[in-house]
Each structure stands twice: as C-alpha cells, then as structure tokens.
Amino acid sequence: MVEIEFPKYPSKAIDTALGRAYVSLSDSGECISNIYAYSATTLIGCLDKGPGFLKFYSQGWDKAKQYSMERAYIGTVVHALIERLLLGEKIDLSKPIPVPDEYKGISLKISKDMPFEVDMRLRAFLEWWYSLDAPQIIALELMLFDPSWTMWAGTCDLVYRDGS
C-alpha cells in the first residue's frame, strides 16, 4: 500500500537562470539552504539531443523558439485540463481556452478555439484513464524532494492506484 506524507520535507520550486530547482524550507516558509536540487526536467534538458535537434535549430533561432513556445502552450493547456478533470471539475470545451500569462505577447499560431492537438491529447488521456479499473487518485502535483539527496528533484503530475 502506498502511504504519502504531505510534506515530509517542506520545500518549494524556484526558477533560476539554469532552470527549475527545489530548496528546503523552514516550518515558517523561509529558505533554509542555498543548496538547490535541480528538477529532473532541467537536468534532462542538458543532455545532447543529437543531430535532429541541431537541424531543428539550424532553421533559425526565432523560428525554432516560436515553434517550441507553441508546443509548450499546447502541453500546458492539456496538463491544466487533465488536472482540472481529475479534480472533478466540469470543463466547457466549447469556450476558448485562456492563454497563460507566460505566453501572452508571443504570437501563437493557434486559433482562439481549442486546437485539434489539445483535443486529440485530451481524448487520448481520457481513453487511457477510463480503461483503468476504478483508479483512485492518491496525489496530484506531488513534489519529490529530499534535502539529503540533492542530485535531482521534481514534481510528479499524478500518483494513482489501479483497482485491478
């Protein structure tokens, strides 16, 4: 059986010049260490991505950055919608999805209506979720951090138990 204490080690995520990191907090919420545990995603971002990635960026920084931001926006929207659905919220998908603040001012080549790619990914998640045998949500957005092991940290989107 999975047992989770919330939180075993008080911490918070911060954005640094090198990427997302996690730091220890006191019971009052103050940072108690200047040692950062960088997120697994930040560390993976440092890995060599090979010739295909370099070719992608050879088309020009602006074009590549634009494409990356559009893809990130779609991922952000899908993530937010799935989380809201798992929390039991009803979502009216006929209304435009608001653009998160970090994407405002960026020219997104996405229509005001829900992009097909968001719909496709949301449907794939729901197909998978409903194929499970009475899943029980244990945690959403669970921060994984241990100050005694600062090689990496991160946030797990979903921990669940399948009834089968």
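## Cysteines

Cys46 is exposed, with a relative accessible area of 62%, whereas Cys156 counts as partly exposed at 24% relative accessibility. In this predicted model, the structure holds zero disulfides; a disulfide, in general, is a covalent bond between the sulfur atoms of two cysteines.

## Strand pairing

Strand S1, made of residues 11-16, runs antiparallel to strand S2, made of residues 19-24, and six bridges join them. Two residues lie between S1 and S2, which form a hairpin, and Ser11 has Ser24 in S2 as its bridge partner.

S2 also pairs with strand S3 (residues 37-38), again in the antiparallel sense and over two bridges; here Ala21 has Tyr38 in S3 as its bridge partner.

## Aromatic rings

A search of the whole structure finds 11 aromatic pairs. One of them joins Phe125 and Trp128, whose ring centres are 5.6 Å apart and whose planes meet at 55 degrees, so the pair is tilted. These two residues are three apart in helix H4 (residues 116-131), and they are therefore separated by about one helical turn. Phe125 counts as buried at 13% relative accessibility, while Trp128, at 34%, is partly exposed.

Trp129 and Tyr160 form an edge-to-face pair, with 5.8 Å from centre to centre and 70 degrees between the planes. This pair links distant parts of the chain, since Trp129 belongs to helix H4 and Tyr160 to strand S5 (residues 154-161), 31 residues apart. Trp129 is buried, with a relative accessible area of 11%, and Tyr160 is partly exposed at 29%.

Elsewhere, ring pairs link Phe53, Phe56, Tyr57, Trp61 and Tyr67 into a cluster, and Lys49 lies over the face of Phe53, at 5.3 Å from the ring centre.

How values were computed:
Residues are numbered from 1 along each chain as its sequence is written. This is a predicted model: local features need pLDDT of at least 70, side-chain atom pairs count only at pLDDT 80 or more; totals for chains, interfaces and linings use all residues. Side-chain values use heavy atoms; hydrogens and water are left out. A disulfide is a pair of cysteine sulfur atoms within 2.5 Å. Buried means under 20% relative accessible area, exposed over 50%, partly exposed in between (1.4 Å probe, protein chains only). Two strands pair if DSSP finds at least two bridges between them. Helices (H or I, at least four residues) and strands (E, at least two) are DSSP runs, numbered from the N terminus. Rings of Phe, Tyr and Trp (its six-membered ring) pair if their centres lie within 6.5 Å; planes under 30 degrees apart count as stacked, over 60 as edge-to-face and the rest as tilted. A charge sits over a ring if NZ of Lys or CZ of Arg is within 6 Å of the ring centre and within 35 degrees of the ring normal.
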